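The entries follow the order in which I looked things up.

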Amino acid sequence: MRRVVIMGAGGRDFHDFNTVFRNDPDTGVVAFTATQIPGIAGRTYLPALAGSYYPDGIPIRPEEELPAIVADHHVDEVVLAYSDLSHEEAMHKASTVLAAGADFRLLGPKATMLRSARPVVAISAVRTGAGKSQTSRRVGRLLLDAGLRVALVRHPMPYGDLERMRIQRFATLADIDASNPTIEEREEYEEPVRQGMVMYAGVDYREILDRAEHEADVIVWDGGNNDFPFFAPDLHICVADPLRPGHELGYHPGETNLRMADVVVINKLDSAEPAAVAVVAANVAAVNPAATVIRAASPVVLEPGPSVAGARVLVVEDGPTLTHGGMPYGAGTVAARQAGAASFVDPRPYAVGSIAETFRAYPGIGLVLPAMGYSQRQTEELRATIDAADCDVVVTGTPIDLRRVVGTARPVRHARYELRELGHPDLADVLAPILATSGRPAAASS
């Protein structure tokens, strides 16, 4: 029996196990290792999920223990199964594995993509924070406007009880509230549900796909970080980010998405320098000249609230975009600048508990507070940090209005990005074959 460890972050690692290893009698997965997401190590991938070959389940250990696990269990092979790593960092991990004596492996789309009986539109990205979520919402809106039933299936975020989260379905905000979600989960689920889409996520994506196919005309896959899709797409849209020119060829598996995509959306043209846009466009043409290129902006909408003009502002931004996405700021900072903020408050002196640990782990974060909330305790630490900050107003750039979740006493303005295509081709144009296959007329551009 070949002994295997899967390196992950509570997402693709479980999917790769389910699709490739769970029913393989010649392979024994001795452990998952975990990183990126706070608090997910130390659990067990439960027997009910792991299958009959694993009556005790599979332990989930911190990635720091990997060399010892390889040695103690005579591991033959280590599979890397998480996303948004620089190519250099991915090879450092490979070198660690090889030095410990095991083979290093990446599982590709052919081995891990599931086939659907329904048309699948997949949205991926070259980096976390490129604008994938607003692109997914825009695609979903166009499909809904054409009269189609849409199931938006999100990349896994199984940070709680894994067996309870095996299949998650959200059709109302009450469904989301009842799941005791993290802030990250709320950020991805709430707005699509408000738009009228049914959201699915969880752990076992074969079962999730089966359920979604029974109530949807079209499946929209919304990837996490810069991971490639779990479902084989009929149309694959990849979002590129000219605020980080060159990253589209420098990160795993974002470059894979760029090379596979049918459509590349070059986003944020309203805030990127023309020279940076040109670099991204040239790289797209070099590695995927057949792709349709859509040019798009991500204008910031600042919702009504207390005045920001002349104020000392604490900005709270989307957590994953700042951490493993590597962006120093997001929508909140852009909106506060446009609204005339006098200064930005450094949150570091006020950070408590795991929020302070996040700043130490990601020193490249700018004068912004990452909206970390992977547990109730961390959400409380986020609230305490906000309440302690010496500011006049808080501007949140997260995909949800944090006031519902955090409950701070500070005055708050909420900012959000929306995708707007510039000229043609646009998303309605590239969706036309999907709409034709589904027997519906093409949605009108807006």
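Entry 1, basis. I worked on a predicted model, in which local features need pLDDT of at least 70, side-chain atom pairs count only at pLDDT 80 or more, and totals for chains, interfaces and linings use all residues. Residues are numbered from 1 along each chain as its sequence is written, and side-chain values use heavy atoms, with hydrogens and water left out.

Entry 2, the open sheet. I took helices (H or I, at least four residues) and strands (E, at least two) as DSSP runs, numbered from the N terminus. Two strands count as paired if DSSP finds at least two bridges between them. In what order do the six strands of the open sheet lie? I read β3-β4-β2-β1-β5-β7, with mixed pairing. Strand β5 (residues 77-80) runs parallel to β7, and four bridges join them. Val-79 is opposite Arg-105 of β7.

For contact I used heavy atoms within 4.5 Å. Axes are lines fitted to C-alpha atoms, for helices over the stretch in contact, and angles run from 0 to 180 degrees between N-to-C directions. I noted that helix α4 (residues 87-100) lies across β1, β5 and β7 and runs at about 145 degrees to β7.

I found strands β15 (residues 263-266) and β16 (residues 292-297) paired in parallel through four bridges, with Val-263 opposite Thr-292 of β16. Helix α11 (residues 274-287) carries the chain from β15 to β16 in a right-handed β-α-β crossover (with the strands pointing away from the viewer, the path from the first strand over the helix to the second runs clockwise). β16 also pairs antiparallel with strand β23 (residues 420-421) over two bridges, and there Ala-297 has Arg-420 as its bridge partner.

Which residues of α11 are buried? I listed Ala-276, Val-277, Val-280, Asn-283, Val-284 and Val-287 (buried means under 20% relative accessible area, exposed over 50%, with a 1.4 Å probe and protein chains only). These residues lie on the same side of α11 because they cover an arc of only 130 degrees around the axis, the arc being that of the directions from the helix axis to the C-beta atoms. They pack against β13 (235-240), α10 (254-260), β15 and β16. On the face turned away from the buried side I found the exposed residues Pro-274, Ala-275 and Ala-286.
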